[in-house]
Number of protein chains: 2
Amino acid sequence: MPLVDSVLSGNRLALARLLTQVENDTPEGRAALDAIFTQTGQAHLIGVTGAPGTGKSSLVNQLALHYRRQSGALVAIVAVDPTSPFTGGALLGDRVRMRDLAGDPGVFIRSMATRGSLGGLAHTTAALTQVFDAAGYGIILIETVGAGQAEVDIARLAHTTLVVEAPGFGDDIQAIKAGILEIADILVLNKADQPGVEITERALRGMLELAHPTRRAFQHHGRIETMDAAASTPEKLWIPPILRTVAIQGQGFEELIGAIARHREHLRQSGDWTRRERARLESEVEALIQEALTAQFRASIPDAEYAEKLEQVFDHRLSPWEAVKELLDGRAATPAAARSRRSRETSQSRRKE
Amino acid sequence: MPLVDSVLSGNRLALARLLTQVENDTPEGRAALDAIFTQTGQAHLIGVTGAPGTGKSSLVNQLALHYRRQSGALVAIVAVDPTSPFTGGALLGDRVRMRDLAGDPGVFIRSMATRGSLGGLAHTTAALTQVFDAAGYGIILIETVGAGQAEVDIARLAHTTLVVEAPGFGDDIQAIKAGILEIADILVLNKADQPGVEITERALRGMLELAHPTRRAFQHHGRIETMDAAASTPEKLWIPPILRTVAIQGQGFEELIGAIARHREHLRQSGDWTRRERARLESEVEALIQEALTAQFRASIPDAEYAEKLEQVFDHRLSPWEAVKELLDGRAATPAAARSRRSRETSQSRRKE
């Protein structure tokens with residue numbers, strides 16, 4: 001496949017085109033994903049999430065700059081912005097980034113402005129990271145706005161998840177973030193030069209203690225001690241450290257990159273790296289099976305029959321589950337008798353579970 | 001079914017038991033849902049969402065109290081709390097509610113503390129509302145914490161969605177709520193006796209104008225004018241009004257209940273009521289089909305074969321999509337030859353789309 005070959009040999013224009021194919025889920029995109037799959041599995045996927053106003057985008061830019069300077073690794077940024085179409089968040093973010101990172105051919109930025117369905121967001125993001133991974137990007141930063149389920153799904157995708165906070169968020173706001181804290185491998189307290197940083201850090205420590213009771217034993221004042229404590233615990237146990245940064249001045253990034261590297265090492269040694277990869281691939285397989293089966297099923301039922309069953313449900317004559325059972329049985333009234341039998345048996349055993 | 005009969009005849013204990021069966025997705029629960037389905041479709045489902053600190057729970061309680069006083073309708077409250085297990089949000093909310101609503105047999109409160117998967121949350125909530133609907137609860141209040149995708153899914157379930165705000169949230173916080181504003185049928189500015197209410201209302205109006213450009217034409221200072229303007233627009237057009245309340249003092253609730261009634265009337269006249277019901281039932285049918293097909297498929301593949309294909313994916317020898325194709329073809333190597341043929345055809349045509 002010429003497009004894939006160009007991508008694997010480092011052609012940026014080909015990479016941009018392939019990313020578009022993959023994002024649009026075209027047949028070419030799917031075929032390319034098959035073709036590149038053997039080349040994937042090398043990159044470190046780093047999720048960065050946080051509410052607007054925490055300086056998350058500047059932090060991602062600084063991380064990219066520091067990775068480029070320190071290791072020379074190719075860095076990809078996938079910015080996922082599930083805010084509404086009219087805010088144009090993704091495009092705005094791009095313009096700011098252009099200024100910081102323009103001209104470095106070792107950085108590739110891709111924004112996804114999700115329009116409508118959030119359901120397939122994690123799936124599409126996963127596919128894009130596979131393309132970057134195959135194209136030799138060793139560091140892939142996945143940026144999401146902190147707004148719920150999307151973050152949790154993307155945290156499952158990333159090897160290391162950074163949750164970004166900033167001073168000055170009130171207690172009410174902290175409460176809503178409790179769920180997000182649980183996905184944090186590293187907590188970043190950005191804008192650490194602003195007033196209120198101590199209060200916010202104390203609040204975060206309190207919430208971390210609730211989320212990770214064992215953390216209490218390692219509690220000290222100051223981030224370095226906490227990191228050391230974490231490093232000295234058994235391999236299996238990772239205590240999320242809290243690191244302070246000032247992204248617009250580039251402060252705190254050597255420590256942050258060090259903590260990310262330690263987390264990768266922890267994942268490798270504990271076996272969590274492999275476990276996360278496997279869980280991710282397994283759910284990808286499951287999603288594709290579901291999609292294929294549903295498409296086959298719909299193709300096997302005449303549209304009129306499907307519509308009529310739906311009408312009966314709309315009229316409250318048939319419950320949704322009854323309609324589904326009748327549709328499954330109806331499909332079985334084909335030459336494939338064995339299938340009919342099994343279909344009914346499965347359907348019955350299902351009810352007995 | 002004796003349990004269903006007891007529920008339909010108004011037995012609260014039976015109702016509580018059936019809700020548990022349905023929440024746990026037991027065979028009894030499923031059978032009961034089938035049995036009661038013909039009795040559903042009467043209730044007005046009202047979603048109430050907003051961040052912690054907006055006084056959303058008090059607002060829901062006051063709504064229940066006012067509905068009980070005004071109409072005598074049975075009122076159900078389904079509180080969905082997708083915060084983390086360790087916050088115990090759902091239980092806390094229950095205790096507060098007990099105080100306000102205890103002793104009224106016409107109010108039934110049910111909390112769902114979601115542990116883990118948010119995926120099936122909207123589905124389970126929908127099932128619970130069907131039970132209340134069949135049991136004669138004419139008003140069903142569905143309360144969710146404003147945290148992203150869960151709200152959007154539940155807004156699809158509700159006929160009328162209230163988004164609750166409160167004075168004193170900063171601009172940063174407003175930005176994150178842009179997505180949630182789009183699902184609002186009615187905006188409630190609670191804690192309207194607190195400082196900053198004018199600023200917050202102005203910010204909300206600005207965001208509404210972005211979300212609903214036509215709103216600008218009807219803009220006046222003050223909520224009553226806006227409501228009148230909305231009422232005089234064509235049936236098809238609903239402009240979300242902004243209403244002020246002080247939930248702990250019970251202020252503003254007659255206006256709010258009036259606005260909810262007007263929204264219901266708008267839905268009925270515009271045909272949106274029927275359209276929303278149909279869309280909801282159709283996606284329920286689709287979800288059940290997917291679930292049944294996946295269960296059948298997994299039953300048709302030996303576990304060892306499935307595990308082996310997964311191993312090949314884990315080792316990056318086979319892409320997820322290639323593995324799925326081989327599993328689908330493998331399943332076809334059964335007596336059901338016709339099925340094999342169709343399976344491959346569908347699988348190929350899928351790639352050509």
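Analyst: Let's start with strand β4(A), which is covered on both faces: Ile139(A), Leu141(A), Glu143(A) and Val145(A) are buried on one side, and Ile140(A), Ile142(A) and Thr144(A) on the other. Buried means that 20 or more other C-beta atoms lie within 10 Å of a residue's own, exposed means 12 or fewer, and partly exposed is in between, with C-beta atoms placed from the backbone. Strands (E, at least two residues) and helices (H or I, at least four) are DSSP runs, numbered from the N terminus. One caution: this is a predicted model, where local features need pLDDT of at least 70 and side-chain atom pairs count only at pLDDT 80 or more, while totals for chains, interfaces and linings use all residues. Residues are numbered from 1 along each chain as its sequence is written, and chains are lettered from A and ligands numbered from 1 in the order in which they are written.

User: How many residues of strand β4 of chain A are buried?

Analyst: Seven of the seven, residues 139–145, so the strand is largely enclosed by the rest of the structure.

User: Which way does β1 of chain A run relative to β4(A)?

Analyst: Strands pair if DSSP finds at least two bridges between them. Here β1 (residues 44–50) and β4(A) run parallel, joined by seven bridges. Val48(A) sits opposite Glu143(A) of β4(A).

User: Which residues touch the most other members of the largest nonpolar core?

Analyst: The general idea is that in soluble globular proteins, nonpolar side chains tend to be buried together. A nonpolar core is a set of buried Ala, Val, Leu, Ile, Met, Phe, Trp, Tyr and Cys residues joined through C-beta atoms within 7 Å. The largest one has 159 residues, and those touching the most other members are Ile140(A), Leu141(A), Ile142(A), Ile140(B), Leu141(B) and Ile142(B). Contact means C-beta atoms, placed from the backbone, within 7 Å. Beyond its neighbours within four places in sequence, Ile140(B) has contacts including Leu45(B), Val78(B) and Phe132(B).

User: At what angle do helix α13 of chain A and helix α13 of chain B cross?

Analyst: Axes are lines fitted to C-alpha atoms, for helices over the stretch in contact, and angles run from 0 to 180 degrees between N-to-C directions. These two helices (residues 272–300 in each chain) cross at roughly 105 degrees, with axes that come within 9 Å. That makes α13(A) roughly perpendicular to α13(B); angles of 65 to 115 degrees get that label, under 35 is roughly parallel, over 145 roughly antiparallel, and the rest oblique. Among the residues making the contact are Ile289(A) and Phe297(A) of α13(A) and Ile289(B) and Phe297(B) of α13(B).

User: What span does α13(A) reach from its first C-alpha to its last?

Analyst: The expected span is 1.5 Å times one less than the number of residues. With 29 residues, α13(A) reaches 42 Å, close to the 42 Å expected. Its buried residues include Leu281(A), Val285(A), Leu288(A) and Ala292(A). An α-helix has 3.6 residues a turn, so residues three or four places apart point the same way.

User: Is His316(B) buried or partly exposed?

Analyst: His316(B) is partly exposed, because it has 15 C-beta neighbours inside 10 Å. Its phi is also positive, near 60 degrees, and it is found in the loop between α14 (303–314) and α15 (320–332) of chain B.

Conventions: Two residues are in contact if their C-beta atoms, placed from the backbone, lie within 7 Å.
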